[in-house]
Amino acid sequence: MSKDGERAALRRMLGGITASLGDRNTHKTLTETFAVLSMPPIDEGSKRERVERSFAQVPDSDLLQLADRFLQTQDVGAATRNQLQDALWAEASPPEIPMRTRREVARALDPRQSWCSTRPGS
């Protein structure tokens with residue numbers, strides 16, 4: 001998937017997750033939550049409208065930071081936490097694994113070889 005596609009998917013996911021902010025906050029605590037999450041402050045409208053308008057103003061370039069701040073500061077269920085972590089890890093650069101190491105790991109995990117057959121004296 002392209003970076004644009006990944007960001008669009010992340011925006012959809014975060015839109016659904018941030019929508020719950022209105023249900024979990026009063027108007028006063030919602031303002032504080034916006035500050036904690038570094039979302040633009042919106043003071044007018046219902047809580048739902050405030051959350052939607054604030055989230056709409058978050059640039060695509062800030063979505064990963066928003067996901068990370070959400071994980072760090074908000075109580076989320078396991079499924080939501082896993083979704084956010086998966087999105088963050090998908091963007092992270094994995095460490096380089098040399099070909100030799102990959103071959104050795106593959107050889108060690110080969111189910112066709114019994115671990116007993118490699119023991120001395122077997």
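1. Contacts along the chain: with contact meaning heavy atoms within 4.5 Å, residues 24 or more positions apart make up 50% of the contacts that have a separation of 6 or more. Keep in mind that this is a predicted model, where local features need pLDDT of at least 70, side-chain atom pairs count only at pLDDT 80 or more, and totals for chains, interfaces and linings use all residues. Residues are numbered from 1 along each chain as its sequence is written, and side-chain values use heavy atoms, with hydrogens and water left out.

2. Overall make-up: you'll find 7 helices and 0 strands here, with helices (H or I, at least four residues) and strands (E, at least two) taken as DSSP runs numbered from the N terminus. Of the chain's 122 residues, 26% are buried, meaning under 20% relative accessible area with a 1.4 Å probe, protein chains only (exposed is over 50%, partly exposed in between).

3. Helix H1: this one covers residues 3-18, and its end C-alpha atoms are 22 Å apart, which agrees with the 22 Å its 16 residues should span at 1.5 Å a residue. That expected span is 1.5 Å times one less than the number of residues.
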